[in-house]
Amino acid sequence: MAKTLFYFVVFPGFLFTALVGLLVSWIDRKVTARVQWRVGPPLLQPLYDFVKLLGKETIVPQAGSRLTFLLSPLLGLAAVTIVSTILWLAMTSPEVTFLGDLIVVIYLLTIPSISLIIGGFASGNPLASLGASREMKMILGYELPFILAIFTPVIKAHGVIRLGELLQYQWGNGIFLSSCSGFIAFVVAIICMQAKLALVPFDIPEAETEIIAGPYIEYSGAPLAVYKLTRWMMLFVVPIFLVVMFMGGIIFEGWHILWGILKYVLLLVLIILIRNTNPRLRIDQAIKFFWGPMTILAVLGIVLSFLGK
Amino acid sequence: MNFKTKALTKSIWVFHFASASCNNCDIEILDALTPKFDLERFGILLIGSIRHADVMLVTGAVSHKGAVRLNRLYEQAPKPCLVVAVGCCACSMCIFRDSYNMAGPVDRLIPVHAYIPGCPPKPEAIIMGVVKLIKALRKG
């Protein structure tokens with residue numbers, strides 16, 4: 001019992017993910033600043049942002065529904081904590097994974113977006129509703145090719161849906177990225193991950209110049225701090241999920257730890273560079289993109305994996 | 001200085017409200033936020049929603065319509081929120097002193113914590129005003 005609590009709260013659960021999430025969001029801002037020929041914020045800046053937000057007043061809009069407004073940030077935080085715990089336990093000790101935990105992870109990874117939608121609709125603000133409806137359309141758009149891309153490693157590993165067995169298959173037979181179908185699925189998964197993290201070119205729900213802050217517009221103080229923390233934790237957890245699925249996870253012995261961290265950092269820098277070099281899409285362009293070229297590519301990846309390539 | 005105030009001085013989110021200004025001060029505020037001066041290294045970010053704001057920059061001599069909205073915005077900002085009047089018109093109405101359609105300088109409507117005079121103030125002057133505000137906050 002105490003061990004489970006330790007896993008969920010300290011390592012690899014809430015505290016570990018939150019601290020690394022703060023670090024990762026700093027890396028994001030620093031690389032963005034460097035790409036724009038600036039200096040960028042100091043290392044502890046996300047911590048200062050978080051503490052400052054906790055010290056601000058929390059205002060609940062009169063037209064909103066109070067309980068939903070205040071509770072919805074916690075849903076996303078809980079979901080991303082559980083996903084991080086499952087993923088890191090799968091990497092450190094693959095035998096504690098259970099059958100179907102891949103499905104649980106995919107399902108839990110949509111919950112932060114859903115908590116944002118609930119919060120946006122509970123705000124009683126038309127711009128928040130607009131942002132939340134855009135987030136709903138985005139989920140409909142990117143979830144299809146994302147799940148199809150996840151099918152490819154499952155098919156290549158002969159139909160296992162346990163994270164531990166997927167990792168062990170990759171450690172025995174080579175990472176999924178090295179095969180043709182795995183590479184195509186990886187590319188699709190990266191672009192869907194960009195949308196899942198709501199980064200440019202898919203930061204349509206929080207389109208700053210169009211609908212101010214989208215679903216976050218009425219949030220202030222502690223609930224906003226929780227939303228920001230959830231966002232930073234997702235920036236840490238979703239690339240780790242992709243590393244587990246396609247690149248064999250992080251193996252905890254000797255030099256492999258460094259190589260594993262390097263895999264994650266490369267993926268992170270790729271996301272940041274995509275973020276800094278692209279304009280934002282319109283919501284209809286984004287949906288057409290995900291249901292058109294991305295789905296076709298993902299299906300191609302599945303077909304190739306059935307043929308054994 | 002307690003931890004809350006320290007975090008507030010290290011991470012300032014700025015909201016910009018322009019009411020009946022000629023927009024020169026707004027352009028200079030925008031200049032201060034460009035990569036040349038890079039205010040993000042001090043934790044200063046420009047944000048869109050008033051609910052996320054720590055500092056509200058007000059430019060322009062405030063018109064009657066703008067006064068209604070300025071009061072509403074100040075009430076909507078979560079406290080502690082500081083107000084900075086940027087430019088001569090916001091500080092004291094300048095040459096529009098006797099104008100019929102202005103509701104007065106900003107401090108007649110909401111409490112102001114820092115004044116940055118100038119027509120328009122250079123980005124360096126705006127930065128100096130923000131630095132003085134942070135120093136005053138740190139003293140208590």
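## Ground rules

Residues are numbered from 1 along each chain as its sequence is written, while chains are lettered from A and ligands numbered from 1 in the order in which they are written. Since the model is predicted, local features need pLDDT of at least 70 and side-chain atom pairs count only at pLDDT 80 or more, but totals for chains, interfaces and linings use all residues.

## Where the chains meet

Chain B puts 17 residues into the contact and chain A puts in 26 residues. Two residues are in contact here if their C-beta atoms, placed from the backbone, lie within 7 Å. On the chain B side, the residues split into five nonpolar, five polar and seven charged. For those classes, Ala, Val, Leu, Ile, Met, Phe, Trp, Tyr, Cys and Pro are nonpolar, Asp, Glu, Lys and Arg are charged, and the others, Gly among them, are polar.

## Helix α5 of chain B

Helix α5(B) covers residues 123–139, 17 residues in all, and reaches 25 Å from its first C-alpha to its last. That is close to the 24 Å expected at 1.5 Å a residue, taking 1.5 Å times one less than the number of residues. Helices (H or I, at least four residues) and strands (E, at least two) are DSSP runs, numbered from the N terminus. Just past the helix, Gly140(B) has a positive phi of about 120 degrees.

Ile126(B), Gly129(B) and Val130(B) are the buried residues of α5(B). Viewed down the axis, they fall within an arc of 95 degrees, so they line one face of the helix; the arc is that of the directions from the helix axis to the C-beta atoms. Buried means 20 or more other C-beta atoms within 10 Å of a residue's own, exposed means 12 or fewer, and partly exposed is in between, with C-beta atoms placed from the backbone. The exposed residues on the other side of α5(B) include Glu124(B), Lys132(B) and Arg138(B).

## How α5 packs on α2

The buried residues of α5(B) pack against α2 (24–32), β4 (82–86) and β5 (114–116) of chain B. The residues meeting between α2(B) and α5(B) include Ile29(B) in α2(B) and Ile126(B) in α5(B). This contact has five nonpolar, no polar and two charged residues.

## A buried proline in chain A

Pro239(A) sits in helix α11 (residues 222–246) of chain A. Pro239(A) counts as buried because 23 C-beta neighbours lie inside 10 Å. Its C-alpha is 8.4 Å from that of Ile190(A), 49 residues apart along the chain.
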